[in-house]
Amino acid sequence: MDTAEAEKKQVGRTFTWPWFLVAVIVYLGIIQGVGQLTGVDTSSSDSQFPTTESLVRNALIPIGISIVFVAALVTWLGWWGEVLRYRAPVRRWVRWVPISMLLAALVGMNYGHLGDQSAALVGCLLLLGLFVGVGEELMFRGIGVHVFKRAGFSEGKVALWSSVIFGLAHVSNAIGQGAQAIIQALVVCTSGYFFYLCLRVGGVILLPMLVHGLWDTSLFSSMVGTEPVAYPGLVLIIVLQVALIIVLVGRRRGIEPVSPQNTGQPTLPTPQSP
């Protein structure tokens with residue numbers, strides 16, 4: 001099937017990658033702008049979210065509004081059918097990417113520190129993980145992946161550019177975090193690729209949403225409350241991140257499933273019964 005025929009079969013509005021970049025800028029502008037309007041100053045605390053109020057006003061409100069924006073954009077594009085499902089299978093061993101990330105997030109959660117916090121703060125933290133998973137996955141693995149897929153990019157380039165833009169988007173955190181956001185952006189690029197593989201493994205966007213939300217909840221589990229503490233579980237998450245990078249770099253050519261189209265071998269006819 002050529003590009004023209006593929007475009008005819010595409011449902012919904014056309015949305016090119018330059019317009020996707022504009023949408024990402026608007027998305028980030030909502031988060032940062034609303035955060036500046038509703039946020040409270042936490043510079044005097046070592047914690048990113050020392051109180052329930054700070055978590056709600058600095059994170060939940062702006063991210064919640066950004067989710068409304070992304071959902072409205074998907075609705076306007078008419079892409080819900082594509083965004084919710086993604087048909088690009090991978091080899092079975094890639095299933096260990098979401099499995100290992102879910103296990104690391106669950107094991108690495110700082111349960112002791114969370115047990116010392118109020119129920120309201122812990123509840124808002126769980127809601128934050130849900131919001132981040134839904135919002136960022138809808139924008140970058142939902143709209144972003146399909147923008148590049150519709151443009152005719154190969155799966156490798158779809159993964160690359162959606163992950164790079166995902167990482168660069170986190171540079172906006174430098175507004176509140178300074179130069180460390182640059183390092184965060186590089187790390188997030190690799191995380192974006194992992195979430196892309198979760199989408200491929202599950203075939204539905206709910207899986208990367210779940211993995212992403214739980215992953216970030218685990219990372220934030222020591223950053224709430226008036227006395228944030230370091231915890232050994234963070235080492236597990238860091239080690240897994242490095243291990244996944246090494247494995248996927250080494251086995252990147254073994255991600256795509258073997259098929260006659262991939263191998264260049266002719267398809268053998270199916271024997272017919274006499």
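Trainee: How many salt bridges does the structure hold?

Mentor: This is a predicted model, where local features need pLDDT of at least 70, side-chain atom pairs count only at pLDDT 80 or more, and totals for chains, interfaces and linings use all residues. Residues are numbered from 1 along each chain as its sequence is written, and side-chain values use heavy atoms, with hydrogens and water left out. A salt bridge here is a side-chain nitrogen of Lys or Arg within 4 Å of a carboxyl oxygen of Asp or Glu. By that criterion, the number of salt bridges is six.

Trainee: Which residue meets Glu82 in a salt bridge?

Mentor: The N to O distance of this pair is 2.2 Å, and the partner is Arg150. The pair links distant parts of the chain, 68 residues apart: Glu82 is in helix H4 (residues 80-84), and helix H7 (residues 119-150) holds Arg150. Helices are DSSP runs of H or I with at least four residues, numbered from the N terminus.

Trainee: Is Arg150 buried or exposed?

Mentor: Buried means under 20% relative accessible area, exposed over 50%, partly exposed in between (1.4 Å probe, protein chains only). Glu82, at 25%, counts as partly exposed. Arg150 has a relative accessible area of 12%, so Arg150 is buried.

Trainee: What separates Arg141 from Glu137 in helix H7?

Mentor: These two form a salt bridge, with the closest N and O atoms 2.7 Å apart. Both Arg141 and Glu137 are buried. Because they are four residues apart in helix H7, their separation is about one helical turn.

Trainee: Which helix holds Leu236?

Mentor: Leu236 is partly exposed, at 35% relative accessible area. With Leu106, Val107 and Tyr111, Leu236 forms a nonpolar surface patch of about 390 Å² accessible area together. The helix is H12 (residues 233-250).

Trainee: How far apart are the end C-alpha atoms of residues 229-249?

Mentor: The unreviewed UniProt entry annotates "transmembrane region" over several spans, including 59-81 and 229-249. Residues 59-81 are 91% helix and 0% strand, with end C-alpha atoms 29 Å apart. Residues 229-249 are 81% helix and 0% strand, and their end C-alpha distance is 33 Å.

Notes:
Helix = DSSP H or I, 4+ residues; strand = E, 2+ residues; numbered from the N terminus. Patch = residues over 30% accessible without salt bridge, like charges linked within 9 Å, V, L, I, M, F, W, Y side chains within 5 Å. Areas by Shrake-Rupley, 256 points an atom, 1.4 Å probe, with all protein chains shown as cover. UniProt positions renumbered as here; feature names shortened; annotations may be inferred.
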